[in-house]
Amino acid sequence: MKKRHTKKLFCVFLAFITMLTMLIGCSQGEKNTAAEPQKVNFPERDLNGYIMWGAGGAMDNVSRTITPLVEKYLNKSVVLQNKTGATGAVATQFVYDQKADGYTLLYGAENPQLYGVLNISKLDYKDFEPISILGRGVAVVIVPADSKLNTIQDLIDAAKAQPGKMKMSSTGPGGLPFVVASLISTVSGTEFNLVPFDGEGPAVTAMLGNHVDFTSVGLAAARELYRSGKVKPLALISNDPVEGMEEIPVIGQIMPEYKKYLPWGPFYGVFVKNETPEEVKEILRDAYKKAFEEEKFQSFLKDFGAVPMGISGQEARDFMENWQRLSTWLLYDAGGTDISPETLGIKRIGE
């Protein structure tokens with residue numbers, strides 16, 4: 001009797017141990033499952049992209065070429081809208097004010113990196129994640145094809161003869177024409193009458209309509225007009241010629257006094273707010289990287305006169321920081337702003 005009782009107790013104990021082991025295993029399994037990273041389902045709907053400059057300009061052309069290629073990798077549409085104003089600050093602020101979920105993209109050029117010294121906005125690209133810096137360009141000074149001005153020296157001489165009278169279409173403080181005008185004014189002692197427009201496209205249209213005498217845009221924005229004979233390039237704002245367009249004079253070679261300010265030029269990128277989830281950023285980076293590498297986009301950049309980049313992450317941040325250091329001090333030294341970059345913690349290159 002006692003033996004049977006002991007055996008019964010042993011069986012109950014064994015059953016208890018077995019059940020306990022199973023419970024622990026299930027609990028452990030639940031923990032392991034919970035520890036597995038959750039896959040982000042992005043995007044679940046169409047995205048919105050805001051282009052900080054107007055239709056027809058370099059940023060607009062780059063944006064509208066890369067986006068259809070990106071859409072097939074995201075399997076969603078990216079609805080583009082030009083949101084101009086305040087040298088791109090309107091679009092920059094608008095995107096910054098939206099939810100940081102990756103559904104609102106900023107298609108932006110270099111301009112936010114100058115907002116601080118121009119007292120335009122507290123924002124710059126430190127507040128955004130560079131999904132991709134797609135390419136960079138070279139600025140070119142252009143006049144209508146029938147202009148009496150044939151060289152950059154002709155333009156400088158004409159401006160000196162009538163200080164403040166020669167009209168240059170601009171895109172506002174901090175825009176490419178504004179910086180180029182500041183550079184020429186300081187180095188060559190000229191004074192221009194800057195007439196603002198919402199983007200390179202309208203700025204060039206105004207020049208072609210003889211509302212202004214000249215302008216400066218990215219070579220990318222002027223290439224077709226140059227090829228069709230509608231504009232005359234006076235000089236590239238560069239120390240070196242551009243492949244395939246070696247016939248365009250280079251200001252650093254014509255006038256050595258400009259060399260210390262160069263190279264300088266615009267760049268084009270896609271950004272989201274810093275607070276966007278990392279998994280979403282990675283999905284966007286991957287889509288734009290694949291689109292950037294497509295032959296169609298590479299051919300576009302070459303034909304556009306832009307230098308391919310396709311960088312993101314820390315590499316892109318380093319590039320933009322160096323651009324900001326060079327450009328803000330160039331602008332300050334040229335007298336284009338009274339705010340020293342030093343007061344904003346921006347050091348000169350080499351310091």
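Me: Which strand does strand β5 (residues 139-144) pair with, and in which sense?

Reply: Strands of a sheet pair through backbone hydrogen bonds, either parallel or antiparallel. Here β5 pairs with strand β8 (residues 214-218) in the antiparallel sense, over four bridges; two strands count as paired if DSSP finds at least two bridges between them. Within β8, S216 is the bridge partner of V141. Strands are DSSP runs of E with at least two residues, helices are runs of H or I with at least four, and both are numbered from the N terminus. This is a predicted model, in which local features need pLDDT of at least 70 and side-chain atom pairs count only at pLDDT 80 or more, while totals for chains, interfaces and linings use all residues. Residues are numbered from 1 along each chain as its sequence is written, and side-chain values use heavy atoms, with hydrogens and water left out.

Me: In what order do the five strands of the open sheet stand?

Reply: The order is β7-β6-β8-β5-β9, with mixed pairing. The edges are β7 (193-196) and β9 (231-236); each has a single partner strand, so one side of each lacks a neighbour in the sheet. On average, neighbouring strands here are turned by 35° against each other, direction ignored.

Me: Which helix packs on the sheet and touches β7?

Reply: Helix α6 (residues 176-188) does, and it also touches β5, β6 (167-170) and β8. Contact means heavy atoms within 4.5 Å. The direction of α6 makes about 120° with that of β8. Axes are lines fitted to C-alpha atoms, for helices over the stretch in contact, and angles run from 0 to 180 degrees between N-to-C directions. Helix α8 (residues 219-227) lies across β5, β8 and β9, at about 115° to β8.

Me: Why is strand β1 (residues 47-51) described as largely enclosed?

Reply: Four of its five residues are buried, so the rest of the structure largely encloses β1. Buried means under 20% relative accessible area, exposed over 50%, and partly exposed in between (1.4 Å probe, protein chains only).

Me: How many bridges join β1 to strand β2 (residues 78-82), and how many to strand β3 (residues 104-109)?

Reply: Five bridges join β1 to β2, and the two run parallel. Four join β1 to β3, also parallel. The bridge partner of N48 in β3 is T104.

Me: Is T104 buried or exposed?

Reply: T104 is buried, with a relative accessible area of 14%. Beyond its neighbours within four places in sequence, T104 has contacts that include N48, Y50 and F271.
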